Amino acid sequence: MKREIYDEDHEAFRASVKEFLDREVRPHLEEHVAAKSLPRDFWVAAGKQGFLGLEVPEEYGGSEAGDYRFNAVLTEELSKVNMALPSCLGIHADIVAPYLVHLTTEEQKKRWLPGFCAGELLTAIGMTEPSGGSDLAALKTTAVRDGDDWILNGSKTFITNGYSADLVLVAARTSPEKKARGITLFAVEATREGYSRGRKLDKVGQDESDTAELFFENVRVPNDNIVGELDNGFIHMMTWLPQERLGSAVTNLAHAAQILEETIQYTKDRKAFGQSIGQFQHNKFLLADLVTRVEVTQAYIDQCVLAHCQGELTPIDAAKAKWWTAQVQNDVLDHCVQLHGGYGFMNEYRVARAWRDARVTKIWAGSNEIMKELIGRDLGL
Ligand SMILES: Cc1cc2nc3c(=O)[nH]c(=O)nc-3n(C[C@H](O)[C@H](O)[C@H](O)COP(=O)(O)OP(=O)(O)OC[C@H]3O[C@@H](n4cnc5c(N)ncnc54)[C@H](O)[C@@H]3O)c2cc1C
């Protein structure tokens with residue numbers, strides 16, 4: 001079905017993203033897997049191309065388009081390559097960016113945003129802790145006032161870009177007596193004494209992304225590094241959740257659509273019992289089912305993208321988009337593996353990696369259960 005949400009400017013931008021990926025990324029995909037991270041060269045090249053500053057005003061080195069459809073185009077094209085690219089780049093340019101643009105002082109903007117846009121100051125966001133991620137308001141990392149500084153203690157886990165990040169947005173408890181209303185966001189430089197990283201975590205999929213534990217042992221952070229308002233970090237995080245969920249949804253669906261397209265071609269080429277395996281009625285009907293599911297879902301996601309451009313995407317509609325696309329993606333990819341037969345279980349086949357990569361989308365950034373809990377609450381239940 002023809003999609004209506006993009007105009008020629010978006011498509012020209014898409015062409016530049018594709019060209020960048022062919023030139024700078026695809027030749028190095030196996031190196032990314034071996035390194036368990038994206039090299040700094042990648043970030044700097046993406047910065048030069050203007051991909052990291054889509055949310056950032058020009059005066060700080062960005063190209064603020066003021067139109068989320070450019071973010072969506074970038075996310076779609078990255079997702080067609082693999083899941084790790086939109087995850088790592090998305091954390092930096094789509095998830096951390098709004099905090100650094102909308103909640104910072106002039107001095108902070110000047111300090112962080114030019115390097116952020118250039119790929120020289122790589123960022124991450126640390127919300128989840130070893131004791132739990134779903135119940136964010138219960139986080140245990142503390143920040144205690146000491147003169148003009150704060151002393152941070154605690155740890156974070158599963159942090160995307162965590163191993164390489166130069167600056168991490170850390171959610172810490174500043175008022176122990178207040179649960180959700182006692183959390184503050186701190187921008188913590190990786191060079192601070194007492195800040196350390198664990199190893200790059202050994203994941204089931206997305207080998208190319210670095211995911212790490214972070215530890216804070218009496219880390220002294222100046223008051224000037226608070227992002228947003230004191231004790232208002234939880235509300236700040238909730239404010240930017242629709243964009244995070246929408247980015248996940250765009251990724252999930254674009255990734256599933258790409259692998260499905262490749263699988264359809266495979267079912268045309270692969271023969272059994274003297275015919276293409278796609279011609280068996282079971283497989284033909286299955287593929288018809290999957291293509292329909294992807295296209296119908298695309299219509300909802302496109303509406304969400306347009307709503308977000310108007311500032312009207314609700315956290316609940318974004319939650320629907322996130323869990324539904326994660327489910328569709330995982331269902332589609334499981335069938336794609338099955339249609340590849342034994343090759344579908346071989347890591348050298350894209351479909352096998354894609355299937356492993358996708359499993360986490362039902363867990364991260366708010367699990368499917370948490371999304372349904374929120375939707376249920378919105379129904380008054
Ligand atoms: C690869 C990867 C990258 C990540 N990147 C980041 C990152 O960059 N920054 C960051 O802060 N976090 C990150 N995360 C963390 C992720 O957001 C959390 O894993 C997720 O929110 C779930 O938290 P948890 O793992 O502690 O599970 P838990 O909260 O312990 O949940 C365990 C299970 O219980 C279920 N559950 C919990 N509460 C309820 C409830 N009320 N009703 C029903 N079921 C419930 C959950 O759905 C889940 O199935 C990442 C995780 C992964 C795996």
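An oxygen atom of the ligand sits 2.5 Å from an N or O atom in the side chain of Ser367, a polar contact in the sense of a pair of N or O atoms within 3.5 Å. This is a predicted model, so to speak of a local feature takes pLDDT of at least 70 and to count a side-chain atom pair takes pLDDT 80 or more, while totals for chains, interfaces and linings use all residues. Residues are numbered from 1 along each chain as its sequence is written, and side-chain values use heavy atoms, with hydrogens and water left out.

| Side chain | Ligand atom | Distance |
|---|---|---|
| Ser367 | oxygen | 2.5 Å |
| Glu369 | oxygen | 2.7 Å |
| Thr160 | nitrogen | 2.8 Å |

On its own the ligand exposes 970 Å², and the protein buries 65% of that (Shrake-Rupley accessible area, 1.4 Å probe). Around the ligand there are 20 residues, with Gly133, Ser134, Phe158, Ser367 and Glu369 coming nearest; a residue belongs here if one of its heavy atoms lies within 4 Å. Strand 3 gives the most to this shell, with three residues.

Now to a helix pair. The axes of helix 4 (residues 68–81) and helix 5 (residues 84–102) come within 8 Å and cross at roughly 155°, with axes being lines fitted to C-alpha atoms over the stretch in contact and angles running from 0 to 180 degrees between N-to-C directions. The two helices are therefore roughly antiparallel, the term for angles over 145 degrees.

Technical notes: A polar contact is a pair of N or O atoms within 3.5 Å; within protein, one must be able to donate a hydrogen and the other to accept it, and residues adjacent in sequence count only if both atoms are side-chain atoms. Helices (H or I, at least four residues) and strands (E, at least two) are DSSP runs, numbered from the N terminus. Angles under 35 degrees count as roughly parallel, over 145 as roughly antiparallel, 65 to 115 as roughly perpendicular and the rest as oblique.
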